[in-house]
Amino acid sequence: MRILIADDHPVVRRGLKDILASEGDMVVVGEARSGDEALELSGTAEWDVALLDYSMPGCSGTDLVREIKRQHPARPVLVLSVMPEESHASQIFRAGGSGYINKASAGEELTGAIRKVVAGGRYVSPAYAEKLVSELAEGADRPPHELLSDREYRVMWLIASGKQINEIAAEMCLSPSTISTYKARILKKLSLSNNAELVRYADSHRLI
């Protein structure tokens, strides 16, 4: 299995390569330090699965997953993040991703997740799968942030992470006025009034 990895931290990339090196049928065929590099590499390297950090310079998160899947619809994408699955996993799956792994669990789950998605499956941790089943059985209501569009969710997360409107606009290749429009929609959908309330909401739902 040929694996493309993308993470802006060299130590993390080294750790991922060490984990994969222990498997006789897995080989890293390319490394990227940003979302833009990952996109470029995905079009030049021969790979079977892409392993991407959720948050990197340039295109990242759901936007990166969606674009790679647009260009390579038959190839699976796994996302790694320091954030728990309940924070971003649903957004990744909606964008076309095949799996989501918390970095703290990568040592135990990574190779199994890769095998599962290469075989055509989807991957979440056993603990998160149990949580999803429990929520479905109880008929639990979805939290408001799960009703945001993918782009609204991305803007919400960046604002809650401390980014300014101009920074978000540059990162997402949109105009500041467009980001401001998204922000107004987000606040309305979440029944919030300002950035401070948005940060508190994101923190209470473990989104940041």
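This briefing walks through the cores, strands, helices and a few single residues of one structure. The model is predicted, so local features need pLDDT of at least 70 and side-chain atom pairs count only at pLDDT 80 or more, while totals for chains, interfaces and linings use all residues. Residues are numbered from 1 along each chain as its sequence is written, and side-chain values use heavy atoms, leaving out hydrogens and water.

**Terms**

- Buried means under 20% relative accessible area, exposed means over 50%, and partly exposed is in between (1.4 Å probe, protein chains only).
- Helices (H or I, at least four residues) and strands (E, at least two) are DSSP runs, numbered from the N terminus.
- Residues are in contact, or touch, when heavy atoms lie within 4.5 Å.

**Nonpolar cores**

- A nonpolar core is a set of buried Ala, Val, Leu, Ile, Met, Phe, Trp, Tyr and Cys residues joined through side-chain atoms within 4.5 Å.
- The largest such core has 46 residues. Leu 52, Leu 64, Met 156 and Leu 198 touch the most other members.
- Helix H7 (residues 150-160) gives this core its largest share, 7 residues.
- Another core, of 16 residues, lies apart from the largest one. Its members include Leu 80, Ile 101, Leu 110 and Ile 114.
- Leu 64 touches Gly 35, Ala 38, Leu 39, Leu 52, Met 56 and Cys 59, not counting residues up to four places away in sequence.

**Strands**

- Two strands pair if DSSP finds at least two bridges between them.
- Strand S3 (49-53) is mostly covered, with 5 of its 5 residues buried.
- On one side of S3 are Val 49, Leu 51 and Asp 53. On the other are Ala 50 and Leu 52.
- S1 and S3 run parallel and are joined by 4 bridges. Ile 5 stands opposite Leu 51 in S3.
- S3 and S4 also run parallel, joined by 4 bridges. Ala 50 has Val 77 in S4 as its bridge partner.
- S4 and S5 run parallel too, again with 4 bridges. Val 79 stands opposite Tyr 100 in S5.
- In strand S5 (residues 99-102), Gly 99 and Ile 101 point one way. Tyr 100 and Asn 102 point the other way, and all are buried.

**Helix H1**

- Helix H1 (residues 10-21) has 12 residues. From its first C-alpha to its last it reaches 16 Å, close to the 16 Å expected at 1.5 Å a residue.
- That expected span is 1.5 Å times one less than the number of residues in the helix.
- Arg 13, Leu 16 and Leu 20 are buried in H1. They sit on the same side of H1 because they cover an arc of only 65° around the axis. The arc is that of the directions from the helix axis to the C-beta atoms.
- The face turned away from the buried side of H1 carries the exposed residues Pro 10, Val 11 and Ala 21.
- The cover over the buried residues of H1 includes strand S1 (2-6), strand S2 (27-32), S3, S4 and helix H5 (106-118).

**Helix H3**

- In helix H3 (residues 61-71), the buried residues are Gly 61, Thr 62, Asp 63, Leu 64, Val 65, Ile 68 and Lys 69.
- They pack against helix H2 (35-42), S3, strand S4 (77-81), helix H4 (85-94), H7 and helix H8 (165-172).

- Ser 60 lies in the loop between S3 and H3. Its relative accessible area is 1%, so Ser 60 is buried.
- Ser 60 touches Tyr 54, Ser 55, Arg 154 and Glu 171, not counting residues up to four places away in sequence.
- Ser 60 and Arg 154 are 94 residues apart in sequence. In space they are 9.5 Å apart, C-alpha to C-alpha.
- Gln 91 is in helix H4. It counts as buried because its relative accessibility is 0%.
- Gln 91 touches several residues, among them Thr 62, His 145 and Tyr 153, not counting residues up to four places away in sequence.

**Positive phi values**

- Cys 173 lies in the loop between H8 and helix H9 (176-189). Its phi is near 60°, a positive value in a residue other than glycine. Cys 173 counts as exposed, at 69% relative accessibility.
- Arg 206 is in the segment after helix H10 (195-204). Its phi is near 55°, also positive in a residue other than glycine. Arg 206 is partly exposed, with a relative accessible area of 48%.
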